[in-house]
2 protein chains.
Amino acid sequence: MRWSELDTANCPIARALSILGDRWTFMILRDCFSGVRRFEGFQANLGISRTILRDRLAQLVRAGILVQRPYQERPVRHDYVLTAKGKALNGIMLMLGEWGRTAVAGQPETQIRHQHESCGHILTPYVACAACGEEVVAKDVRAVRAFGRTG
Amino acid sequence: MRWSELDTANCPIARALSILGDRWTFMILRDCFSGVRRFEGFQANLGISRTILRDRLAQLVRAGILVQRPYQERPVRHDYVLTAKGKALNGIMLMLGEWGRTAVAGQPETQIRHQHESCGHILTPYVACAACGEEVVAKDVRAVRAFGRTG
């Protein structure tokens, strides 16, 4: 099947990007997975304007990726916590980091890795197929049109 | 280790995003993985301005993700082909699509899936750990500082 035959509106990647949007959104999500929860924490890490940060956090809350949770009553203060839908972005973030680590030149001597706590090793993530368990490489995947609501 | 202790400049995710940039870049890459190679093909699929498309394609070429290859001599015409560095983005794109498919509401009845040709099944991709082969979930990963050039 040629790409031109596929309806873009049916594309799950386009749908994902319609929410994830831009680089700042990804950077905020990176912070979320590292345990940052407070507005001031995101701001200190990312150094972006409060207006942009407020806007992107509000988008992530509207999309159901983050949820606001009060941690203080007077005055009311909220932090931002990943929902199940947000935690499901984990694989994307790990693969982004792995590509940044292995493919982008100029790595410094020290860099952030992840430890896979259930086995204890430094994590080298790869994408596998749920049906056969093998690593999935680009030449082995072919776009097809599927019917019915899934997931 | 707390996020605030980690140097952002050492973050592989930040490094990946410094190249991948914005939504259009991801959408162009989606098309590349679907076999689109020509300027006019990207433009027809994405419906973006020729200026933006030219700019993003040039960025992807400079970053070594796409390479220009002549397919016609008079006048000279190039198409855009994924390099090995570009093909290594496959896992990110598959995980973006999987999240779009399973987490974003409002899927149409027909949608794009991928077939894993080496086993024949419709692909449900997941991220696994190269050391133990198990699926990697968010609660099992912990950021650590690693030393030395790797990858």
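Helices (H or I, at least four residues) and strands (E, at least two) are DSSP runs, numbered from the N terminus.

On the side of α1(A), the contact is made by A:I13, A:A14 and A:L17, and on the side of α2(B) by B:R23, B:F26, B:M27 and B:R30. Two residues are in contact if their C-beta atoms, placed from the backbone, lie within 7 Å. By class, this contact has five nonpolar, no polar and two charged residues. Ala, Val, Leu, Ile, Met, Phe, Trp, Tyr, Cys and Pro count as nonpolar, Asp, Glu, Lys and Arg as charged, and the others, Gly among them, as polar.

## The interface as a whole

Chain A and chain B each give 84 residues to their contact. Among the elements of chain A that give two or more residues to this side are α1, α2 (23-33), β3 (110-116) and β5 (141-147). The largest share, 13 residues, comes from α6(A). The residues of the side of chain A that touches chain B divide into 45 nonpolar, 23 polar and 16 charged.

## Strand pairing across the interface

Strand β4 of chain A and strand β4 (residues 125-129) of chain B run antiparallel and are joined by five bridges; strands pair if DSSP finds at least two bridges between them. A:V127 stands opposite B:V127, and A:P125 has B:C129 as its bridge partner.

Four of the five residues of β4(B) are buried, that is, with 20 or more other C-beta atoms within 10 Å of their own, C-beta atoms being placed from the backbone.

A:T124 lies in the loop between β3 and β4 of chain A. With 18 other C-beta atoms within 10 Å, A:T124 is partly exposed, the class between buried and exposed (12 or fewer). A:T124 and A:M95 are 29 residues apart in sequence, and their C-alpha atoms are 9.2 Å apart in space.

## Conventions

Residues are numbered from 1 along each chain as its sequence is written, and chains are lettered from A and ligands numbered from 1 in the order in which they are written. In this predicted model, local features need pLDDT of at least 70 and side-chain atom pairs count only at pLDDT 80 or more, whereas totals for chains, interfaces and linings use all residues.
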